[in-house]
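Subject: Structure handover and notes

Hello,

Here is the structure I said I would pass on. My notes follow it, arranged by region.

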Amino acid sequence: MSQPFPNAVVASNETSGTVRIRTANVSDVEGLSSYFTGLSPTSRNKRFMGARADSSAVAAECLAKAGHPDHFTLLAEFTLEGQRTIIGETRYAYDAAARSGDFAISVTDVFQRRGVGLQMMAAMERHASNLGHDMIAAETARTNAEMRGLARKAGFEDTGLGDWQPVHFAKRLSR
Ligand SMILES: CC(C)(COP(=O)(O)OP(=O)(O)OC[C@H]1O[C@@H](n2cnc3c(N)ncnc32)[C@H](O)[C@@H]1OP(=O)(O)O)[C@@H](O)C(=O)NCCC(=O)NCCS
């Protein structure tokens, strides 16, 4: 069953739409697939660090482990006049050997720079911390200013390290 995050209504606009963050489940494959299809080519390339055309396969992959205790996908949903649309997603997976969670995130283009990404990061951290995880780390392209900016704003240390292309960032979670 999907789980809403308390206090996760992150925005409303003049037409009284609201944004809510919740965990995804297998019934979200179609919605998530449409969401990925609707991303601009630039955002999609950044999200997957390269081109991926098969949105429905990607959505199914994201949700295949929905019931697994160490994996989850969060969705940001915009509701207007009863109509719900996915406008953001965060996929999280815990690596027990590395004792660290890894994540990927995107927000649909028209909703970017409105605080949705930051709220999804906060919800992901809460969820991971509740699962007993201490550390989250990820990599993004060195040129991805928005992801590096978002990570820094969320309190991640951007080490600037990595090969010529990706950079690594990490955060120790507090309880
Ligand atoms: C990265 C991404 C998820 C950010 O989501 P968002 O909802 O736009 O982020 P927010 O509005 O919460 O922004 C939070 C902070 O991130 C930083 N940020 C966001 N967009 C930025 C941009 N274009 N340039 C520089 N910094 C940016 C800023 O510090 C911002 O705070 P501010 O608006 O107060 O300055 C979004 O840009 C996205 O989906 N990009 C394409 C996919 C992607 O690159 N994913 C990362 C790889 S997994």
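Which residues of helix 4 are buried? The model is a predicted one, and in it the buried residues of helix 4 are V116, G117, Q119, M120, M121, A123, M124, E125 and A128. The helix itself runs over residues 116-130, 15 residues in total. From first C-alpha to last it reaches 21 Å, close to the 21 Å expected at 1.5 Å a residue.

Just after helix 4, G132 takes a positive phi of about 90°.

Overall fold

The protein chain has 5 helices and 7 strands. Along the sequence they follow the pattern β-α-α-α-β-β-β-α-β-α-β-β. Of the 175 residues in the chain, 32% are buried. Among contacts with a separation of 6 or more, 57% are between residues 24 or more positions apart.

Nonpolar core

The largest nonpolar core has 36 residues, and those that touch the most other members are L32, A59, L74, A76, I87, M120 and M124. Helix 4 gives the most to this core, with 6 residues. In soluble globular proteins, nonpolar side chains tend to be buried together.

A59 touches V29, L32, S33 and F36, leaving aside residues up to four places away in sequence. A59 also belongs to the buried residues of helix 3 (residues 55-64), which are V58, A59, C62 and L63. These cover an arc of only 125° around the axis, so they lie on the same side of helix 3. An α-helix has 3.6 residues a turn, so residues three or four places apart point the same way. What covers the buried residues of helix 3 includes helix 1 (29-38), strand 2 and strand 3.

Helix 5

The buried residues of helix 5 are M147, L150 and A151. They cover an arc of only 100° around the axis, which puts them on the same side of the helix. The face of helix 5 turned away from that buried side carries the exposed residues A145, R152 and K153. On the buried side, the packing partners are helix 4, strand 5, strand 6 (157-158) and strand 7 (166-172).

Just after helix 5, G155 takes a positive phi of about 95°. G155 is in the loop between helix 5 and strand 6. With 14 C-beta neighbours inside 10 Å, G155 counts as partly exposed. G155 and L173 are 18 residues apart in sequence, and their C-alpha atoms are 9.9 Å apart in space.

Surroundings of the ligand

The ligand is surrounded by 22 residues, of which the closest are K46, Q112, G117, L118 and G149. The elements that give two or more residues to this shell are helix 2 (41-48), strand 4, helix 4 and helix 5. Which element gives the largest share of the shell? That is helix 5, with 6 residues. By residue type, the shell divides into 8 nonpolar, 8 polar and 6 charged.

Most residues other than glycine have a negative phi. Two residues are worth a look on that account.

E81 has a positive phi of about 50° although it is not a glycine. E81 lies in the loop between strand 2 and strand 3. Is E81 buried or exposed? E81 is exposed, because the number of other C-beta atoms within 10 Å is 7, and a count of 12 or fewer makes a residue exposed.

R99 is also not a glycine, and its phi is positive, near 50°. R99 is found in the loop between strand 3 and strand 4. With 10 other C-beta atoms within 10 Å, R99 is exposed.

Regards

Methods
Residues numbered from 1 in each chain as written. Predicted model: local features only at pLDDT ≥ 70, side-chain atom pairs only at ≥ 80, totals over all residues. Helix = DSSP H or I, 4+ residues; strand = E, 2+ residues; numbered from the N terminus. Expected span 1.5 Å × (residues − 1). Buried ≥ 20, exposed ≤ 12 C-beta atoms within 10 Å, placed from the backbone. Contact = placed C-beta atoms within 7 Å. Near = placed C-beta within 6 Å. Nonpolar A, V, L, I, M, F, W, Y, C, P; charged D, E, K, R; others polar. Core = buried A, V, L, I, M, F, W, Y, C linked by C-beta atoms within 7 Å. Arc of directions from axis to C-beta.
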